[in-house]
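Thanks for passing this one along. Here are my notes, in the order I would go through them with the model open.

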Amino acid sequence: MATIPASPDSPTIWVDADACPKVVKDILFRAALRRNMALVLVANQPMATPPGKQIRSVQVQQGFDVADNYIIASLNPGDLVITADIPLAAEVIAKGAAAINPRGELYTTSNIRQRLTMRNFMDEMRGAGIQTGGPAPFSPQDTQAFANSLDRWLARWQKGANRQGI
């Protein structure tokens, strides 16, 4: 379960890949290749990846939270995780890593508790038989918001790396 940094000083980008939109994965592939950063897609099914030594996929067994547990056990502080799974994002933040959802929202210590509370409330409502609907379809605006959020995170990382002489 070791990370595979393309550059020993760069973070690894982990993707909770089973439900991640293809367009988001494509953005991540380009970013990993351009920045020479390790990118790991974790899923319970085979994932195609473009050629590149810094990009790989890991297929985990089927089961509840198996991919999430793999990511948590493998990531290091400073890494980035792409996930729409709010409980996973909370664990990522607790380990000192960053989390962005595929719609571009950066989860932070300031907003994750509210997101968890809302998620749990909606789960209780669904459990009580109340129809809550689902998320809106993934849109071009979501794609742009994700690309912008990733660019901001990469710029912050690069600025910190430059200050450290990396």
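Predicted model: local features only at pLDDT ≥ 70, side-chain atom pairs only at ≥ 80, totals over all residues.

1. Where is the place of aspartate 68? Aspartate 68 sits in helix α2; helices here are DSSP runs of H or I with at least four residues and strands are runs of E with at least two, numbered from the N terminus. With a relative accessibility of 8%, aspartate 68 counts as buried, where buried means under 20% relative accessible area, exposed over 50%, and partly exposed in between (1.4 Å probe, protein chains only). Not counting residues up to four places away in sequence, aspartate 68 touches Asp16, Asp85 and Leu88, a contact being heavy atoms within 4.5 Å.

2. Residues are numbered from 1 along each chain as its sequence is written, and side-chain values use heavy atoms, with hydrogens and water left out.

3. Confidence deserves a look before the details. The chain averages a pLDDT of 86, and 83% of the residues score at least 70; pLDDT is the predictor's confidence in each residue, from 0 to 100. Among the elements, β4 has the highest mean pLDDT (98) and helix α4 (residues 112-127) the lowest (64). At the two ends, pLDDT stays under 50 over residues 1-6, with 21 contacts beyond four places in sequence, and under 50 over residues 162-166, with 2 such contacts.

4. Now the overall layout. The chain has 5 helices and 6 strands, running β-α-β-β-α-β-α-β-β-α-α from the N terminus on. Of its 166 residues, 42% count as buried. Among contacts between residues at least 6 apart in sequence, 53% join residues at least 24 apart.

5. Back to helix α2 (residues 66-74), whose buried residues are Ala67, Asp68, Tyr70, Ile71, Ile72 and Ser74. They pack against β1 (12-16), β2 (38-43), β3 (55-59), β4 (80-82) and α3 (86-94).

6. Aspartate 85 caps its N-terminal end, with a side-chain oxygen 3.0 Å from the backbone nitrogen of leucine 88. The buried residues of α3 are Ile86, Leu88, Ala89, Ala90, Val92 and Ile93. Just after α3, glycine 96 takes a positive phi of about 85 degrees.

7. How many salt bridges does the structure hold? There are 2, a salt bridge being a side-chain nitrogen of Lys or Arg within 4 Å of a carboxyl oxygen of Asp or Glu. One joins lysine 22 and aspartate 26 (2.9 Å, N to O). These two are 4 residues apart in helix α1, so about one helical turn separates them. Lysine 22 is exposed at 60% relative accessibility, whereas aspartate 26 is partly exposed at 24%.

8. In the other, arginine 103 pairs with aspartate 142, the closest N and O atoms being 2.6 Å apart. Because arginine 103 lies in the loop between β5 (98-100) and β6 (106-107) and aspartate 142 in helix α5 (residues 140-163), the pair ties together parts that are 39 residues apart in sequence. Arginine 103 is partly exposed at 30%, and aspartate 142 is buried at 14% relative accessibility.

9. Lysine 25 is one to check by eye. It is found in helix α1 (residues 22-35) and is buried without a salt bridge, the nearest side chain of opposite charge being aspartate 18 at 7.5 Å. For charge, Lys and Arg count as positive and Asp and Glu as negative, with His and the chain ends not counted. Leaving aside neighbours within four places in sequence, lysine 25 is in contact with Ala17, Cys20, Leu41 and Met47.

10. Lastly, glutamine 54, in the loop between β2 and β3. Glutamine 54 counts as buried at 6% relative accessibility. The C-alpha atoms of glutamine 54 and methionine 37 are separated by 6.2 Å, with the two residues 17 apart along the chain.

Terms used:
Polar contact = N/O pair within 3.5 Å; in protein donor to acceptor, adjacent residues only side chain to side chain.
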